[in-house]
Amino acid sequence: MIVGVGCDIIKIDRITKYLSKNIPIQFLTENEFAYCNQLPSHRQAEWIAGRFAAKEALYKACNKAFKCSIYDFEILQNEDGSPYCKIDDYVIHISIAHEKEYAIAYAIVESTQV
């Protein structure tokens, strides 16, 4: 059963400004931060913006199912590079896209409980 659907969009420039001022990106987990640091510097703001949009989309999709914040989610990537998130008792579907100056993400949250 679908619990919720969420969508979020962000201007990549917002993240670029944080990075240029050395402001810490606190919503990333250690694993996400480690992956991001392996990317070429010109791709990092785009990647971080995508993760932020995905976490916001997940928050919107999950908020009615359980109390959460964007800090509760860790979005990793499969071997093929597609994003995924694990939450006990839920199946999470995430899609992240980047285009020029924007990153957008959609999330669908399904309950495994009948």
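These legends describe close-up views of one predicted model.

**View 1. Confidence along the chain.** Residues are numbered from 1 along each chain as its sequence is written, and side-chain values use heavy atoms, with hydrogens and water left out. In this predicted model, local features need pLDDT of at least 70, side-chain atom pairs count only at pLDDT 80 or more, and totals for chains, interfaces and linings use all residues. pLDDT is the predictor's confidence in each residue, from 0 to 100. The chain has a mean pLDDT of 91. In it, 99% of residues reach 70 or more. Confidence is lowest in α1, at a mean of 92, and highest in β5, at 96. Helices (H or I, at least four residues) and strands (E, at least two) are DSSP runs, numbered from the N terminus.

**View 2. The open sheet.** Three strands form an open sheet in the order β1-β5-β4. Their pairing is antiparallel. The edge strands are β1 (2–11) and β4 (90–99), and each pairs on one side only. Neighbouring strands are turned by 10° against each other on average, direction ignored. Two strands pair if DSSP finds at least two bridges between them. Angles run from 0 to 180 degrees between N-to-C directions, and axes are lines fitted to C-alpha atoms, for helices over the stretch in contact.

**View 3. Strand β1 beside β5.** Nine bridges link β1 to β5 (residues 102–111) in the antiparallel sense. Look for Ile-2, whose bridge partner in β5 is Glu-110.

**View 4. The hairpin of β4 and β5.** These two strands run antiparallel and are joined by 10 bridges. Ser-95 stands opposite Tyr-106 in β5. Two residues lie between the strands of this hairpin. In the turn, Lys-100 has a positive phi of about 50°.

**View 5. Helices on the sheet.** Helix α3 (residues 41–62) lies across β1, β4 and β5. Its direction runs at about 145° to β1. Contact means heavy atoms within 4.5 Å.

**View 6. Helix α1 against α3.** The axes of α1 and α3 come within 8 Å and cross at roughly 120°. The two helices are therefore oblique to each other. Angles under 35 degrees count as roughly parallel, over 145 as roughly antiparallel, 65 to 115 as roughly perpendicular and the rest as oblique. The crossing of α1 and α3 is right-handed (near helix turned clockwise from the far one by less than a right angle; anticlockwise is left-handed). From α1 come Ile-12, Ile-15, Thr-16 and Leu-19. They meet Ala-45, Glu-46, Ile-48 and Ala-49 of α3. By class, this contact has six nonpolar, one polar and one charged residues. Ala, Val, Leu, Ile, Met, Phe, Trp, Tyr, Cys and Pro count as nonpolar, Asp, Glu, Lys and Arg as charged, and the others, Gly among them, as polar.

**View 7. Helix α2 against α3.** Helix α2 (residues 30–38) packs with α3 at an angle of about 155°. Their axes are 9 Å apart. The pair is therefore roughly antiparallel. Their crossing is right-handed. Glu-32, Tyr-35, Cys-36 and Asn-37 of α2 make the contact with Gln-44, Trp-47, Ile-48 and Lys-55 of α3. By class, the contact has four nonpolar, two polar and two charged residues.
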